[in-house]
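This report describes selected contacts in one structure. The sequence and the model are shown first, and the text follows.

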Amino acid sequence: MAKRKCPEINASSMADIAFLLLIFFLVTTTMSVDKGLSRRLPAPLPENMEKQSVEVNKRNTFIVLLNSNNQLLVQGEFLNVKDLREKAKVFIKNEFNDPNMPVKKPMDVEFFGTVEVTKDHIISLQNDRMTQYQAYIEVQNELVAAYNELRDELSRAKFGMAYESLDEERQKAIQKIYPQKISEAEPKNYGGKK
Amino acid sequence: MAKIRKEGKKEVPALSTSSLPDLIFSLLFFFMVATSMKEVTYMVEIRVPEATELQKLEKKSLVRYIYMGTPQREYQKAYGTETRIQLDDAFADVRQLEDYVVRERSAMKEEEQPLLTISIKADKDTKMGIVTDVKQALRRAYALKINYAAAQRMEYNP
C-alpha cells in the first residue's frame with residue numbers, strides 16, 4: 001500500500017444532471033419564431049354600395065405607385081426604394097408646415113400637451129398585378145420603417161429612450177402623434193395583362 | 001528486459017465511458033436548437049422576401065398560414081408551374097379561401113376568433129396579382145389581421 005488507489009468518481013448522478021439540463025432546454029427553447037410584417041386590411045365594402053372616392057384633401061395624400069417593372073412613382077416622380085423612407089418621413093412629419101404637405105391640426109396628447117399633428121395624412125399604396133412580391137414588401141417595409149423611425153426619434157427626444165422600451169401609455173401617446181396610415185387602394189390593373 | 005519493465009508498470013486504466021451520455025446529450029441539445037419544426041410539408045417553392053421592420057408572430061394557435069409559390073418539381077406535372085396557393089396540405093384555389101377562413105375561425109374558441117391572424121407566406125417572385133386576389137378574399141371573409149412572412153435582413157442593400 002505505497003500508493004492509495006484513486007477512488008472512482010461516482011457517475012451515477014451524471015445522468016440525472018443531464019436530464020435536468022435536457023428538461024430545462026425543452027421548456028425554454030422556442031422553435032424559430034415566424035416573423036413578418038403585420039398589417040391590417042380595410043373592411044370589405046358593402047356590395048350594393050357604389051365605389052365612392054373618399055374626399056381627402058390632396059395635400060394630405062402621399063401617393064406611391066409601384067408598376068409591373070417594380071419601378072416606383074412617388075408623388076409623381078421616379079424614386080429609388082432607398083429614398084422612399086426619407087421622403088415619407090418628411091411628408092409625415094411636415095416639420096415646417098409646408099403648404100404642399102399634410103395639414104397640421106392641434107391635438108391634446110398625454111405627456112406632450114397640445115401638439116400639432118398631421119393626423120389626416122394618408123399614404124396610398126397602389127401596385128400592379130404584375131408587380132413582384134419582393135418589391136411590394138420592400139415598399140411596405142420602407143413605409144413602416146419611416147413610421148418607426150419617426151416614433152423612435154420623438155421618443156428619444158422626449159423620454160430619452162427607445163420607443164421599443166417605453167411603457168404602453170407612452171407608446172400610445174406617440175402613436176397618436178404619428179398614427180400609421182397606410183392605405184392599400186382597391187386593386188387596379190394598370191400594366192395590362194401580359 | 002523490456003518484458004520485465006512492462007510487467008512492473010501499472011496497466012492502462014479502462015477508458016471511462018461515464019461522460020458518454022453527456023456527449024450524446026450535448027449533441028441532442030445542438031440538434032434541438034438548430035432544428036425548426038415544419039408544420040406542413042411545402043408543396044410549393046417558398047423563398048420568403050426580406051425586410052427589416054419585422055414583428056414576431058406570437059401565439060401560434062391564432063395563426064393560420066397561406067402558402068403561395070410555384071409548385072415543387074414533383075407536382076409540376078399535375079399542377080403546372082404557375083403560382084399556386086397551398087392551404088394546410090393541399091393545393092387550393094382562391095375561391096376556396098373564404099370557406100377555409102370561415103371554417104378555421106369557427107373551429108377556434110369564441111373569444112379568440114377576432115384575434116385570428118393570417119400569415120401569408122409567399123415566394124418573393126410571386127406576382128402581386130394573386131396576392132391581391134388573396135387579400136380581397138380575406139377582406140370578404142373579414143380576416144383583416146394579416147402578416148406578410150419575411151426574413152430578417154440585417155443591412156439595407158437592395
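How many salt bridges does the rule count over all chains? The model is a predicted one, and over all chains the count comes to 17 salt bridges.

## A salt bridge within chain A

One salt bridge joins the side chains of A:Arg85 and A:Glu142, with an N to O distance of 3.0 Å. A:Arg85 belongs to helix 2 of chain A (residues 81–93) and A:Glu142 to helix 3 of chain A (residues 133–159), so this pair ties together parts that lie 57 residues apart in sequence.

## The interface of chain B and chain A

The size of an interface is often given as the accessible area lost when the parts come together. For chain B and chain A, about 4,500 Å² is buried between the two, and 59% of that area is on carbon and sulfur atoms. B:Glu53, B:Arg139 and B:Tyr148 supply 16% of the area that chain B buries against chain A, more than any other three residues. In terms of contacts, 54 residues of chain B touch 48 residues of chain A.

Two salt bridges are found across this interface. B:Asp133 forms a salt bridge with A:Arg129, and their closest N and O atoms are 2.9 Å apart.

## The side of chain B that touches chain A

Several elements of chain B each supply at least two residues to the side that touches chain A: helix 2 (20–34), strand 2 (50–51), strand 3 (55–56), strand 7 (117–122), helix 5 and strand 8 (145–149). Helix 5 of chain B gives the most, with 11 residues. Sorted by class, this side of chain B has 26 nonpolar, 11 polar and 17 charged residues.

## Helix 4 and helix 5 of chain B

Two packed helices are described by the angle between their axes and the distance between the axes. In chain B, the axes of helix 4 (residues 94–106) and helix 5 (residues 128–140) come within 9 Å and cross at roughly 35°. The crossing of helix 4 of chain B with helix 5 of chain B is right-handed.

Which residues of the two helices meet? From helix 4 of chain B they are B:Val94, B:Leu97, B:Glu98 and B:Val101, and from helix 5 of chain B they are B:Asp133, B:Val134, B:Ala137, B:Leu138 and B:Arg140. The residues of this contact divide into six nonpolar, no polar and three charged. B:Asp133 is listed in this helix contact and also forms the salt bridge with A:Arg129.

Methods:
Residues are numbered from 1 along each chain as its sequence is written. Chains are lettered from A and ligands numbered from 1 in the order in which they are written. This is a predicted model: local features need pLDDT of at least 70, side-chain atom pairs count only at pLDDT 80 or more; totals for chains, interfaces and linings use all residues. Side-chain values use heavy atoms; hydrogens and water are left out. Axes are lines fitted to C-alpha atoms, for helices over the stretch in contact, and angles run from 0 to 180 degrees between N-to-C directions. Helices (H or I, at least four residues) and strands (E, at least two) are DSSP runs, numbered from the N terminus. A crossing is left-handed if the near helix is turned anticlockwise from the far one by less than a right angle, and right-handed if clockwise. Contact means heavy atoms within 4.5 Å. Ala, Val, Leu, Ile, Met, Phe, Trp, Tyr, Cys and Pro count as nonpolar, Asp, Glu, Lys and Arg as charged, and the others, Gly among them, as polar. Buried area is the accessible area (1.4 Å probe) that two parts lose on being put together, summed over both. A salt bridge is a side-chain nitrogen of Lys or Arg within 4 Å of a carboxyl oxygen of Asp or Glu.
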